[in-house]
Amino acid sequence: MKKVWLDTDIGGDIDDALCLAYLLRQPACELVGISTVGGEVEQRAMIADSICKAAGRHIPIFAGADRQLLPSDLYPTPGGAVHLPLFPHDTHFRKYEAVDRMRMVIRAHPYEISLVAIGHLTNIAMLFSLDPEIPTLLKELFIMSGVFSEALERSLNMPQDNWNAWVDPYAAAIVYHANVQHMKTFGLNVTTRLVLEKQEKDDLFHTDLMRAVESFGSPWLADHPMTFHDPLVAACLFEPALCDYQRGHIEVDFKHEQKLGMMNFRECDEGRHVIASAVDRTRFFEHYFSVVCV
């Protein structure tokens, strides 16, 4: 059984909600807390609470950083919040409470917490800056960020498409310089292979839990494909063999306007960072469905 804390910008891309659904249904997961990051973090917390309630679960949820560390006019808001009136949820959430709670839980359970970061890294950077010992007290840190393929970079709108680092590159740099013993990063080089067409699993949204996921993700799905970026991160906590990996060192650019958040990976045996270099698409979806579609 793993103690997992999920840090998420849920409410936009449906993949955050798909990831939460997986963690709620994964029998080996003890979901000890959820924190939200990004614009309108209180509404994002309400969305997370709605999904937890649809699963019949009560999970501690805390709203986190509403603004980035690096000053910016960018303020992403959760389109899925339009469907909040359709689902029961708590409304007591207050922004900037998450970091203190994360710190308390990690210190109460040293070397036991698996931290899963699937939004931009502002909450995590604030946590590490507030208490510099916290990185050494984590069991592991799994992050969805990066590209790690020059060919893919050329086909994307960079650096913006590297969203989780681009939104707050200074926060990303703080996190990747921290002394975390076990850190794995899952970039677009692997996650973009996990697009699911509706006909491949037409009963995906047939449970109460998954109907809530679909509802909050529907504004995103109106204009985008369904790509399982974030669920891969969670799944690999429990099934690491779904991916192949490389070890090396990651540097995050937070100084040059045209490269903000871009992540340079240099392979080396002594590196502190591990990236996913390949994914078995068939095995991933088989595993995801076996956990969630029950």
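Start by selecting Thr36, which touches Thr8, Ile10, Val41, Arg44, Ala45, Phe62, Ala63, Gly64, Ala65 and Asn123, leaving aside residues up to four places away in sequence. Contact here means heavy atoms within 4.5 Å. Before you go on: this is a predicted model, where local features need pLDDT of at least 70 and side-chain atom pairs count only at pLDDT 80 or more, while totals for chains, interfaces and linings use all residues. Residues are numbered from 1 along each chain as its sequence is written, and side-chain values use heavy atoms, with hydrogens and water left out.

Thr36 belongs to strand β2 (residues 29–36); helices (H or I, at least four residues) and strands (E, at least two) are DSSP runs, numbered from the N terminus. Is Thr36 buried or exposed? Its relative accessibility is 0%, so Thr36 counts as buried (buried is under 20% relative accessible area, exposed over 50%, partly exposed in between, with a 1.4 Å probe and protein chains only).

**Next, the rings**

The structure holds 16 of them. Rings of Phe, Tyr and Trp (its six-membered ring) pair if their centres lie within 6.5 Å; planes under 30 degrees apart are stacked, over 60 edge-to-face, and the rest tilted. Show Trp5 with Phe62: this pair is stacked, at 6.2 Å centre to centre and 10° between the planes. Trp5 sits in strand β1 (residues 2–8) and Phe62 in strand β3 (residues 61–63), so the pair ties together parts 57 residues apart in sequence. Both Trp5 and Phe62 are buried.

Now pick Phe142 and Phe186. Their ring centres are 5.7 Å apart with the planes at 40°, so this pair is tilted. Phe142 is in strand β5 (residues 140–144) and Phe186 in strand β6 (residues 183–186), so parts 44 residues apart in sequence are tied together. Phe142 is buried at 4% relative accessible area, and Phe186 is buried at 0%.

For a group of rings, select Tyr22, Phe228, Phe238, Phe284, Phe285, Tyr288 and Phe289, which form one aromatic cluster.

On a 1 Å grid over the protein atoms alone, a cavity is a set of points where a 1.4 Å probe fits but cannot get out; a pocket is an open set with protein on both sides within 12 Å along at least five of seven lines, and lining residues have an atom within 4 Å of a point.

Which residues line the largest cavity? Select Ile10, Gly11, Gly12, Asp13, Ile14, Ala17, Ile47, Val213, Phe216 and Gly217. Helix α10 (residues 208–221) gives the most to this lining, with three residues.

Asp13 turns up again in the largest pocket: of its 30 lining residues, the closest to the centre are Asp13, Asp161, Trp163, Trp220 and His229. Colour α1 (15–25), α7 (163–166) and α11 (229–238), which each supply at least two residues of that lining.

Finish at the second largest pocket, lined by 16 residues, with Glu197, Lys198, Phe205, Leu221 and Met226 nearest its centre.
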